[in-house]
Amino acid sequence: MNKRIYIIGGKTQARSLAESLNMKKYDVTVINKDEKFCQRIAEVEGINVVLGDGCRVDVLQDADTFNCDVAIAMNDHDADNLIVCQVCKKIFGVKKTVAVVSDSNRTSLFYQMGVDSVVCTTGAITSILEQQTIASKLSHVIPIAEGRIRISEIMVSEDSKMVGKKLADIDLPKIGATIGCIIRSNENIIPRGDTEIKANDMLLLLSSAASEAEAITLITGK
């Protein structure tokens with residue numbers, strides 16, 4: 001059975017995420033209090049739509065949130081997203097909750113309050129879902145500088161040959177790429193040459209468009 005993903009609140013980004021996940025064959029439900037937004041998203045085949053305020057327990061109950069696998073809170077206000085995640089987890093038993101925040105300084109608070117994943121962009125949400133549901137090695141790629149530079153998010157699996165290696169032992173600079181950051185649990189690590197890569201690290205790879213594929217192959221072995 002496909003993972004059931006609920007997207008609660010949000011506007012343009014929520015629609016883009018819903019359509020993307022729908023194309024990947026997830027079972028997507030959108031809960032939104034904006035009637036016009038719901039009408040537009042309902043035009044997309046395969047997406048379930050519930051009109052209502054996702055901060056309300058009765059609305060979540062009507063949406064059958066008891067059967068939700070991943071709840072993503074994308075409201076405009078961080079406090080609303082915290083409420084949604086807590087209600088989904090504590091009342092409806094949702095296993096994984098994701099909250100979008102506008103203020104990165106609130107990230108640690110959200111984790112302390114029981115939210116499973118806290119992100120500041122919808123692009124990172126896709127990465128989290130790939131890690132938690134289909135264990136993809138490469139989860140998301142962001143082009144910048146008109147596509148000349150790429151930022152790739154790569155998950156290091158437990159059986160990866162990269163586990164235990166130091167950054168200096170990887171020949172990425174030779175092919176025009178570098179690891180800009182390592183995300184390890186709730187910690188962001190700016191790596192040095194002696195930084196050791198561990199299983200389940202998320203590597204943020206910076207590369208040229210031309211060297212991207214070779215760099216990803218070097219890291220993932222595929």
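Strands, as the term is used here, are DSSP runs of E with at least two residues, numbered from the N terminus. This is a predicted model, and in it the protein comprises seven helices and 11 strands. Of its 222 residues, 46% count as buried, and among contacts between residues at least 6 apart in sequence, 55% join residues at least 24 apart.

- Six strands form an open sheet with parallel pairing, and their order across it is S3-S2-S1-S4-S5-S6.
- The edges are taken by strand S3 (48-51) and strand S6 (117-119), each of which has a single partner strand, so one side of each is left without a neighbour in the sheet.
- On average, and with direction ignored, neighbouring strands of this sheet are turned by 15° against each other.
- Within the sheet, strand S1 (residues 4-8) runs parallel to S2 and is joined to that strand by five bridges, and Arg4 stands opposite Asp27, a residue in S2.

**Helices packed on the sheet**

- H1 packs on the sheet, where this helix touches S1, S2 and strand S4 (70-73), and the direction of H1 makes about 170° with that of S1.
- Helix H4 (residues 78-90) also packs on the sheet, touching S1, S4 and strand S5 (96-100), with a direction that makes about 175° with that of S5.

- Because exposed means over 50% relative accessible area, Lys25 counts as exposed at its relative accessibility of 61%.
- Asn200 is not a glycine either, yet its phi is positive at about 75°, and this asparagine is found in the loop between strand S10 (187-189) and strand S11 (202-208).
- Because partly exposed covers the range between the buried limit of 20% and the exposed limit of 50%, Asn200, at 46% relative accessibility, counts as partly exposed.

Note on methods
Residues are numbered from 1 along each chain as its sequence is written. This is a predicted model: local features need pLDDT of at least 70, side-chain atom pairs count only at pLDDT 80 or more; totals for chains, interfaces and linings use all residues. Side-chain values use heavy atoms; hydrogens and water are left out. Helices (H or I, at least four residues) and strands (E, at least two) are DSSP runs, numbered from the N terminus. Buried means under 20% relative accessible area, exposed over 50%, partly exposed in between (1.4 Å probe, protein chains only). Contact means heavy atoms within 4.5 Å. Two strands pair if DSSP finds at least two bridges between them. Axes are lines fitted to C-alpha atoms, for helices over the stretch in contact, and angles run from 0 to 180 degrees between N-to-C directions.
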